[in-house]
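I opened the file and kept short notes as I went. The entries below follow the order in which I looked things up.

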Amino acid sequence: MTSPPSTGAAGKPATFIPIDEYRRPPLPTEETFRRLYSKILAMVQRSKPDPIMAEEQLQKATLELLDDVVAPPAAGPVIGELQATLGPWLAEKKPVRHIATIVLPPCDENGIIETWARRHGHGIVEAPARGDLLSSFGDPVLPDLTGEGPLVIPRLERWFLRHRDGLKTVRGLLAAIDVVDRQVVVGCNSWAFEFLSMAVGANMILPEGKTFQAFDEMRLYDWISELSQAEESTNITFRLPQNGKNVMDLDEDGTLRADTFKTLAGRSLGIPWVAWHMWRRSLRLGSDPDLEIETDADGRSETDEQVLWVAALDEYVLPADRDQTVLLVLHALILHGGLTADELRLVLPSVGESNVVSALISAGFVQRHDTLLKCRAAAYPAIREGLMSAGFPMDRL
Amino acid sequence: MDGSDQSGEQAAKLLNDLQDISFWQIGLVIVTAWLVIAGARLILPYVADRGPSQFRLYFLGAVPIVRLVVLFAAILWIIPIVFDITFQNFLVIAGAASVAIGFAFKDYVSSLIAGLVAVFERPYRPGDWVQIGDDYGEVRKVGMRAVSIQTPADNAVTIPHSRIWTDNISNSNDGARTLMCIADFYLDPRHDAALMRSVLKDVALTSAYLDYARPVLVMLSEKPFGTHYQLKAYPFDQRDQFDFVSDLTVRGKLAIAAAGGKESVAAAVADMTSAAG
């Protein structure tokens with residue numbers, strides 16, 4: 001098995017690109033038609049399709065094993081690439097612009113920019129509590145941005161609330177960033193960046209956003225194969241249940257024999273943390289009596305390799321008929337990078353009580369972290385497609 | 001005697017011989033045309049409502065075009081089967097039709113011709129929000145003779161196309177997916193107008209229904225009884241217009257109160273009275 005060429009030149013990590021140059025990886029043709037057929041079917045069926053696959057299937061691979069072969073964090077090589085992008089700029093004594101904008105897709109649970117900033121010892125400006133953003137008509141309370149060394153604002157989406165009184169703090173922050181005499185790295189999720197550009201003219205102060213290069217088939221393969229080889233005690237192979245093919249096998253020209261990673265790249269929109277979650281959810285333990293490769297109850301074959309079966313990727317399907325409340329909730333959660341139930345009520349035009357959030361949690365689109373509600377990374381492509389189909393204002397990634 | 005024989009001979013020549021007219025072929029053309037039109041009327045609006053929002057108006061707008069093309073093709077197919085088409089026969093048919101239309105079907109044919117014009121000029125298309133006379137609503141169907149609109153009160157109103165000869169057609173979105181919505185506020189004039197404009201603008205900017213690509217405007221004008229604010233913005237989907245205006249109004253009232261503004265009932269009543277007058 002030969003190693004394919006890395007996206008970065010000569011072993012160096014790839015650097016970030018302007019967000020307008022982000023190209024989502026294409027799906028394999030067969031997968032494209034299969035999904036088109038599913039959509040048409042969903043459109044003509046009167047009954048609503050089951051939103052996600054059966055939950056019991058998700059338990060087949062144990063968490064310990066998953067952590068061995070697809071270890072967290074789900075950030076992939078992005079942190080290294082971020083340093084490769086910002087390192088030279090931070091080293092400049094008199095940069096042309098003192099602000100750098102990093103725009104990332106939503107559902108980043110690892111805090112990539114924050115992790116990078118801590119790793120390199122940069123100052124971090126934490127966002128205030130959301131409750132403090134609604135400061136009525138007084139001046140917003142802003143942190144002191146003066147000082148030495150680079151300053152990092154990892155999540156600009158935490159600095160506002162889409163509420164008639166929730167924009168003052170972010171306006172004040174942007175104005176302060178504009179005049180501060182030190183280098184500032186501003187991180188923002190792609191949906192919030194579009195909103196803030198429209199609502200408070202963030203794009204006038206912040207320079208053009210940069211983002212990672214989309215994780216296509218080979219980038220995903222490089223990363224995931226590296227993750228699975230990190231645990232030396234286990235010799236894992238990933239096989240397709242249909243034919244027993246090893247999805248990591250390469251042809252002589254270095255291309256992958258199976259379409260698994262191409263499908264994963266297309267379905268995950270080239271976002272590594274989405275692909276990471278999808279990949280983990282697709283792995284299964286155990287043997288299938290119809291397959292040629294015989295494995296024992298622990299998934300070990302005669303050649304003492306542990307086999308994980310790569311099942312079809314989860315299908316998250318939003319109802320085909322227009323359910324505005326569901327989409328408004330999902331849009332608000334994506335836009336803010338997570339909200340509590342009380343904050344959600346503040347930003348939605350809801351009338352009366354609603355059980356939508358509970359339904360979305362049950363269907364797997366939303367998860368609860370303590371009191372914070374967030375969209376699941378694995379469901380993000382389906383949510384994005386649903387919002388786009390309904391005509392919501394979109395991000396650019 | 002010679003004259004009546006001649007006209008009888010002409011009439012006989014106008015139509016093909018009965019045994020030469022293929023009635024099953026005519027029937028087949030009519031049934032096929034009807035099936036295609038009915039199918040288009042059924043399927044295209046269905047797909048428009050359940051498919052991607054960005055294609056909705058294209059699907060809806062295709063219905064009258066499909067109907068027109070199919071009808072035209074069916075008529076062109078049937079005419080040579082029934083009639084012996086020569087220049088003289090054409091003049092005879094046209095003359096007879098003119099008399100019939102002139103005396104009996106003037107209004108009906110006027111609507112049919114206006115319907116033809118409406119397909120090409122497109123003063124309204126399915127999915128558009130139009131005001132014709134006193135009726136405002138979404139165009140649901142553009143038929144051969146009339147247009148059907150559905151009002152916000154869920155009434156179906158049928159309006160003959162011939163109204164386009166005499167009435168102004170006010171089209172709110174003109175084929176676009178969005179349209180301008182206006183929320184009105186009437187305030188006691190003793191307030192900080194600059195603050196109020198800024199507050200109302202934030203109300204629109206933070207609406208969940210807002211179309212980011214369109215501008216948000218706050219206009220004000222002084223009336224004898226107070227200050228009239230108009231908050232103008234676009235929802236990302238025209239079907240949300242009433243929810244959008246309600247959202248702007250509810251949150252606008254809260255924002256005005258929080259900013260120290262006081263709504264003026266007298267100004268609102270005066271403005272409504274002048275509008276009605």
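Predicted model: local features only at pLDDT ≥ 70, side-chain atom pairs only at ≥ 80, totals over all residues.

Next I checked where domain 1 of chain A meets domain 2 of chain A. Domain 1 puts eight residues into the contact and domain 2 puts in nine. I sorted the domain 1 side by class: eight nonpolar, no polar and no charged residues.

I looked at residues 78-91. How far apart are the end C-alpha atoms of helix 3? I got 20 Å. At 1.5 Å a residue, 14 residues should span 20 Å, so the two figures agree. I then looked for a bend. Helix 3 of chain A bends by about 30° at A:T85. A proline, A:P88, follows within four residues.

I listed the buried positions of helix 3 of chain A: A:V78, A:E81, A:L82, A:T85 and A:L86.

I took the interface next. Chain B gives 22 residues to the contact and chain A gives 23. On the chain B side, the elements that give two or more residues are helix 2 (23-50), helix 7 (193-205) and helix 8 (241-258). Helix 8 of chain B gives the most, with five residues. By class, I have ten nonpolar, four polar and eight charged residues on the chain B side.

I found A:G166 in the loop between strand 4 (151-153) and helix 6 (168-179) of chain A. Is A:G166 buried or exposed? It has 22 C-beta neighbours inside 10 Å, and the cut-off for buried is 20 or more, so A:G166 counts as buried. Leaving out residues up to four places away in sequence, I noted its contacts: A:L133, A:L134, A:F160, A:L161 and, from chain B, B:T206. I also took the distance to A:L86, 80 residues away along the chain. The two C-alpha atoms are 31 Å apart.

I finished with strand 11 (residues 366-369) and strand 12 (residues 372-375) of chain A. They pair in the antiparallel sense over four bridges. A:R368 has A:L373 as its bridge partner. Strands 11 and 12 of chain A form a hairpin with two residues between them. In the turn, I read a positive phi of about 55° at A:D370.

Conventions:
Residues numbered from 1 in each chain as written. Chains lettered and ligands numbered in written order. Contact = placed C-beta atoms within 7 Å. Nonpolar A, V, L, I, M, F, W, Y, C, P; charged D, E, K, R; others polar. Expected span 1.5 Å × (residues − 1). Bend = angle between axes of the 7 residues up to and from the residue. Buried ≥ 20, exposed ≤ 12 C-beta atoms within 10 Å, placed from the backbone. Pairing = 2+ DSSP bridges.
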